Amino acid sequence: MKKVLCPKCDNTVTFNERKYEEGRSLFFVCPRCGKKFSIQINQTKADDTPQYGHIIVLENAYCYRQQLPLFAGDNIIGRRSKGTNIHVPIESSDTTMERQHCIINISVNKQGKTIYTLRDFPSTSGTFLKHKLLNKRERVILENGSIVTIGATTFIVYLSEEEQTYTD
Ligand SMILES: [Zn+2]
């Protein structure tokens, strides 16, 4: 069973994800406030906004697998919550992941290379890159496939396709 948060009242709604196919939209009616909303399992990018890669949030006891896009500049990452506007809202009931937990910054350097850096927001429980805790004010450079843990939640960073190197 998985949980989603009602976008209106933050009530937790439980559903059985095994009953649904990947890529399908799931429709819910919040039992507390009556709000109708939908989520999509394994959602793919849907618009034309220039995108600099994405993160994939791994499935755990608190959330389903999610793919969320990254954009130029600061991308504030945290637990999706009513009333907190962030760039990368992760739909999860993991309360050890804060509403504003860490930031991925994407900028282009003088050589025209896109640089991805990670820093803590700051959060109480900290931000981990490959299980190593970032110091306060520390900025680390991310690579394609970097593994980041915030609270009980882990995500993998995928750089934009132009930045990836492929080997045969
Ligand atoms: Zn509700």
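1. Metal donors are N, O and S atoms within 2.8 Å of the metal (3.2 Å for Na, K and Ca), and because water is not among the atoms, sites may look incomplete. In this predicted model, the zinc ion is coordinated by the SG atoms of Cys-6, Cys-9, Cys-30 and Cys-33, at 2.3 to 2.4 Å. The donor residues follow the spacing C-x2-C-x20-C-x2-C in sequence.

2. Four donors count as tetrahedral if all angles lie between 85 and 135 degrees; four count as square planar and six as octahedral if opposite donors are over 155 degrees apart and all others between 65 and 115; anything else is irregular. The four donor atoms of the zinc ion make angles of 105 to 115°, and the site is tetrahedral. For accessibility, buried means under 20% relative accessible area, exposed over 50%, and partly exposed in between (1.4 Å probe, protein chains only). Cys-30 counts as buried, at 2% relative accessibility, whereas Cys-33 is partly exposed, at 29%.

3. On the basis of the note: because the model is predicted, local features need pLDDT of at least 70 and side-chain atom pairs count only at pLDDT 80 or more, while totals for chains, interfaces and linings use all residues. Residues are numbered from 1 along each chain as its sequence is written, and side-chain values use heavy atoms, with hydrogens and water left out.

4. The chain has zero helices and 15 strands; helices (H or I, at least four residues) and strands (E, at least two) are DSSP runs, numbered from the N terminus. Of its 168 residues, 44% count as buried. Taking a contact as heavy atoms within 4.5 Å, residues 24 or more positions apart account for 41% of the contacts with a separation of 6 or more. The chain exposes about 9800 Å², of which carbon and sulfur atoms supply 48%; accessible areas come from the Shrake-Rupley method with a 1.4 Å probe, and for residues only the protein chains shown count as cover.

5. Two strands pair if DSSP finds at least two bridges between them. An open sheet of five strands, with mixed pairing, has the order 8-7-9-10-13. Its edge strands are strand 8 and strand 13, each of which pairs on one side only. Strand 7 and strand 8 run parallel and are joined by three bridges; Arg-79 has Ile-90 in strand 8 as its bridge partner.

6. Strand 9 and strand 10 run antiparallel, joined by seven bridges, and Cys-102 has Asp-120 in strand 10 as its bridge partner. The hairpin of these two strands has five residues between them, and Gly-112 takes a positive phi near 80° there. Strand 10 also runs antiparallel to strand 13, with two bridges, and Leu-118 stands opposite Val-140 in strand 13.

7. How enclosed is strand 10 by the rest of the structure? Seven of its seven residues are buried, so strand 10 is largely enclosed. In a regular strand the side chains alternate between the two faces of the sheet. From strand 10, Thr-114, Tyr-116, Leu-118 and Asp-120 point one way, Ile-115, Thr-117 and Arg-119 point the other way, and all are buried.

8. Side chains of opposite charge can pair when their charged atoms come close. With a salt bridge defined as a side-chain nitrogen of Lys or Arg within 4 Å of a carboxyl oxygen of Asp or Glu, a search of the whole structure finds three. One of them joins Asp-74 and Arg-119 at 3.1 Å, N to O. This pair links distant parts of the chain, with Asp-74 in strand 7 (residues 73–79) and Arg-119 in strand 10 (residues 114–120), 45 residues apart. Asp-74 counts as partly exposed, at 32% relative accessibility, and Arg-119 as buried, at 17%.

9. Asp-120 forms a salt bridge with Lys-136, the closest N and O atoms being 2.9 Å apart. The two residues are 16 apart: Asp-120 lies in strand 10, and Lys-136 in the loop between strand 12 (132–133) and strand 13 (140–141). Asp-120 is buried at 9% relative accessibility, whereas Lys-136 is exposed at 51%.

10. Glu-91 and Arg-80 also meet in a salt bridge, at 3.0 Å, N to O. Glu-91 is in the loop between strand 8 (88–90) and strand 9 (102–108), and Arg-80 is in the loop between strand 7 and strand 8, 11 residues apart. Both Glu-91 and Arg-80 are buried.
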